[in-house]
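User: Hello! I am new to this protein model and would like to know what stands behind the words used for it. Could you take me through them?

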Amino acid sequence: MMINTTQVSYFTLAGYFDTGRVTYLCFVIILTLYMFIIVSNVLLIVVICMNRSLHEPMYMFLCSLFVNELYGSTGLFPSLLIQILSDVHTVSAPLCLLQVFCVHSYGAVEYLNLAIMSYDRYLAICYPLQYNTCMTSKKIVILTAITWLYPCFAMVVLLSLTSPLQLCGNIINKVYCDTHSVVKLACSDTIVINMYGLLATFSTIFGALLFILYTYMKILLVCFSGSDQTRQKAVSTCTPHLASILNFSFGASFEILQSRFNMNNVPNMLRIFLSVYFLTCQPLFNPVMYGLKMKKIRNICKRLILNAEL
């Protein structure tokens with residue numbers, strides 16, 4: 001039996017459907033969301049970089065988190081805006097693989113960044129006297145570099161395994177490209193890629209989550225046995241972090257389940273919304289949550305707004 005295999009030059013994104021008269025309304029809404037993501041995250045990055053009082057480990061890791069939100073949303077939103085106005089929803093193979101790199105590395109960087117932030121809070125609350133000697137400038141640079149370089153290296157390896165595949169089709173049933181959707185189109189055996197993908201996913205996500213769980217168990221023990229001041233400090237700095245973890249994990253969990261299991265029984269609109277949730281809501285959620293909850297950032301932002309009005 002002959003199988004028609006080819007090295008495809010483009011992919012068709014079958015997740016899009018005709019929006020009729022509301023096409024331009026959808027475009028404006030998505031463009032507005034993207035502009036809000038850019039403005040809010042850039043504002044907080046500038047605030048942290050320009051104010052010496054915020055040059056502390058916690059805010060440096062926050063700055064890395066906000067850069068990642070810009071990175072991840074840019075991997076999705078420009079493509080969404082172009083596809084919404086297009087009659088033919090196709091994307092070239094190189095651009096599709098570039099989007100795969102951006103989307104997956106964004107998710108890995110997010111989890112690793114949140115894990116490092118939990119480690120920072122663990123040191124600050126459980127070992128306040130040793131905090132400054134433990135969390136040095138050199139350590140901040142090393143931890144931030146690992147957060148970014150490891151996911152990028154892992155994705156380079158994954159794409160080097162994926163790009164040579166001979167494919168039997170070019171239809172992706174989503175609104176953006178992801179590794180599993182491309183690999184499912186392969187005619188040849190993909191067990192090596194699937195095993196590597198599962199190993200990379202579980203080592204990054206579940207490794208980060210287990211580490212976060214460990215640090216918060218330690219923080220809770222200190223809070224229960226510590227003073228009211230310790231508990232107040234823990235609540236004020238850990239609440240936005242925990243909210244961020246839960247919000248991102250919700251979206252990422254659905255995306256992992258959708259890529260591995262048949263979700264045809266889920267309504268199409270809901271499936272599309274949940275598939276882009278972790279790429280849209282997290283970049284919106286984090287700057288708002290940290291901007292409102294972190295007292296130093298909130299006060300500096302207030303001063304900037306009042307000065308601008310004057």
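Analyst: Gladly! Let us begin with a cut-off: a residue is called buried when its relative accessible area is under 20%, exposed when it is over 50%, and partly exposed in between. Please keep in mind that this is a predicted model.

User: Why is Gln99 called buried?

Analyst: Gln99 has a relative accessibility of 6%. Buried means under 20%, so Gln99 counts as buried. This residue lies in helix α4, residues 93-126. Beyond its neighbours within four places in sequence, Gln99 is in contact with Gly75, Leu76, Ser79, Tyr176 and Cys177.

User: What makes Pro78 partly exposed?

Analyst: The relative accessible area of Pro78 is 29%. That value falls between the limits of 20% and 50%, so Pro78 is partly exposed. You will find Pro78 in helix α3, residues 77-85. Not counting residues up to four places away in sequence, Pro78 touches Tyr34 and Ser73.

User: Which residues of α1 are buried?

Analyst: Tyr34 is one of them, and the others are Thr23, Ile30, Ile37, Ser40, Asn41, Leu44, Ile45, Val47 and Ile48.

User: How do you know that the span of α1 agrees with what a helix should have?

Analyst: Helix α1 covers residues 23-50, which is 28 residues. The expected span is 1.5 Å times one less than the number of residues, so α1 should span 40 Å. Its end C-alpha atoms are 40 Å apart, and the two values agree.

User: What makes up the nonpolar patch on the surface?

Analyst: The patch is formed by Leu161, Ile191, Val192, Met195, Leu198, Phe202 and Phe206, which together have about 640 Å² of accessible area. Helix α8, residues 191-225, gives the largest share, with 6 residues. Leu161 lies in helix α6, residues 137-162.

Definitions and conventions
Residues are numbered from 1 along each chain as its sequence is written. This is a predicted model: local features need pLDDT of at least 70, side-chain atom pairs count only at pLDDT 80 or more; totals for chains, interfaces and linings use all residues. Side-chain values use heavy atoms; hydrogens and water are left out. Helices (H or I, at least four residues) and strands (E, at least two) are DSSP runs, numbered from the N terminus. Buried means under 20% relative accessible area, exposed over 50%, partly exposed in between (1.4 Å probe, protein chains only). Patches are made of residues with over 30% relative accessible area and no salt bridge: like charges are joined within 9 Å, nonpolar side chains (Val, Leu, Ile, Met, Phe, Trp, Tyr) within 5 Å. Accessible areas come from the Shrake-Rupley method with a 1.4 Å probe; for residues, only the protein chains shown count as cover. A salt bridge is a side-chain nitrogen of Lys or Arg within 4 Å of a carboxyl oxygen of Asp or Glu. Contact means heavy atoms within 4.5 Å.
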